Structure formats: C-alpha cells, structure tokens
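Here are a few exercises to work through with the model open in your viewer. Try each task before you read its solution.

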Amino acid sequence: MARPTRVALYNDYELVLEGLRALLRPYAPEIRIVELDIRRPPRRRVDVTLLDTYGEARDAEQRVADLVADHAAGAVVVFSFSDQPRLVRRVLKAGATGFISKAVSGTEIVDGIRAAARGERVVIHRRTQRATIDTQLRWPGRDAGLTVRESELLVLLPTGMTNHQLAEHFYVSDNTIKAQLRSLYAKLGVHNRTQAATIAG
C-alpha cells in the first residue's frame, strides 16, 4: 500500500479549515491531514501545504514565498474561490507548485494534491462559469446571505485598506469594489465602512 500523502491545511479562519478537513475526510487514509493551522506554517514535515487564500489580507504571493522557503511545507498549493489568470500566474511565480479552484470536484482536488506531492505542476480551474462550490467549503458570512467576495471584503475592512488597495488585492477595478461594498452594506443594514468594520470586528 502506498504511503499516505501528508497534507497541512493553512488559513486564518478555523471555519474555513474545518470545511477543508470535512471535504478531504472521505479520502483517508490516502490523504492524511497532518496539521490544521491558523496563522502558523506547518510544524512537522508534510508532502503538501494547501493554502486557502480566503480573506487573505497579506499579499498572497508573499505568503506563498514564505511557505516555499520552509522545507517542512512540502509542495505549496494555493486553493481559492478566485481563479483569475493574473492571480494564478502570480502565485506560481512566487513558487507555488500548483493552484486549485474551489469550484472543481473533490476528486479533482485530491488528484491535484497527489500530483503536487509527486512534484508535478498543477493548475486546475473551474469547469464552467456556473460551477458550484462544495457545500462543505462554507465561508464566514454565507448564512447571512453574503457572497464569497462580500464576505472577504467584510473581514478585510478592519485592516484599513482603501478601495484602491482592495481592488488591487482582488485584481478588479475600483468601481467594482465600490459596487460590491454598496451591496455588502445593504445586506448588513449599515450605511458606511465604519459600521461594517464594527460588525466584522
């Protein structure tokens, strides 16, 4: 029997990590979750570190570069709701072994993890614009009716990032961020950034 692929899950939100663990649980023992960490890189050597970029306030590229420099992290694979080509190129340039969209099937995600553990370059995009996110990969704010982007914006508001900085972070225009913030405020029943940031805090 082949040795299990040891995987570390890395993200700042426990809810996100628990969703990842639930998604991968049916694939045990071939996929073994060795570590599940909040704001901390792997302490034990693993084959693959799956970096979920949800709510990533730091540059995703810098987080990738830091993990790549840590030999305990193994192959670094970015796992994201967004699969915009610019983001994919930048994280791969930063040293990531792969990129996997959250809108692909669990089997494809596991196949990508296994390939990355073998040292292969992995880029797996969503199959269609209507692809659905696995229900286990819930994001904070989903139950309140927030979209993924609105929820990510909400958790970033307390950082003090400007609209332009948010636009650069998500690789969209300033006007797109303004429209998304207006939608967020309406759903939360608030009138401005300060009130929304208070809810996020």
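This is a predicted model: local features need pLDDT of at least 70, side-chain atom pairs count only at pLDDT 80 or more; totals for chains, interfaces and linings use all residues.

**Exercise 1.** Find the place of leucine 20 and decide: buried or exposed?

*Solution.* Start with the helices and strands, which are DSSP runs numbered from the N terminus (helices: H or I, at least four residues; strands: E, at least two). Leucine 20 sits in helix H1, residues 14-24. Now the accessibility: at 1% relative accessibility, leucine 20 counts as buried (buried is under 20% relative accessible area, exposed over 50%, partly exposed in between, with a 1.4 Å probe and protein chains only).

Residues are numbered from 1 along each chain as its sequence is written, and side-chain values use heavy atoms, with hydrogens and water left out.

**Exercise 2.** Work out which strands pair with S3, and why S3 is largely enclosed.

*Solution.* First, the pairing (two strands pair if DSSP finds at least two bridges between them). S1 pairs with S3 in the parallel sense over four bridges, and valine 48 of S3 is the bridge partner of valine 7. S4 also pairs with S3 in the parallel sense, over five bridges; there, leucine 50 stands opposite valine 77. Next, the side chains: Val48, Leu50 and Asp52 point one way, Thr49 and Leu51 the other way, and all are buried. So five of the five residues of S3 are buried, and the strand is largely enclosed by the rest of the structure.

**Exercise 3.** Which residues of helix H2 are buried, and what covers them?

*Solution.* H2 covers residues 60-68, and its buried residues are Ala60, Glu61, Arg63, Val64 and Leu67. They lie on the same side of H2 because they cover an arc of only 160 degrees around the axis (taken from the directions from the helix axis to the C-beta atoms). The cover includes strands S1 (5-11), S3 (48-52) and S4 (75-80), plus helix H3 (85-93).

**Exercise 4.** What does the side chain of aspartate 47 reach?

*Solution.* Locate aspartate 47 first: the loop between strand S2 (31-38) and S3. At 14% relative accessibility, aspartate 47 counts as buried. Its side chain makes a polar contact with the side chain of arginine 3 at 3.1 Å (a pair of N or O atoms within 3.5 Å; within protein, one must be able to donate a hydrogen and the other to accept it, and residues adjacent in sequence count only if both atoms are side-chain atoms). The side chain of aspartate 47 also reaches the backbone nitrogen of arginine 6 at 2.7 Å.

Note on methods:
Contact means heavy atoms within 4.5 Å.
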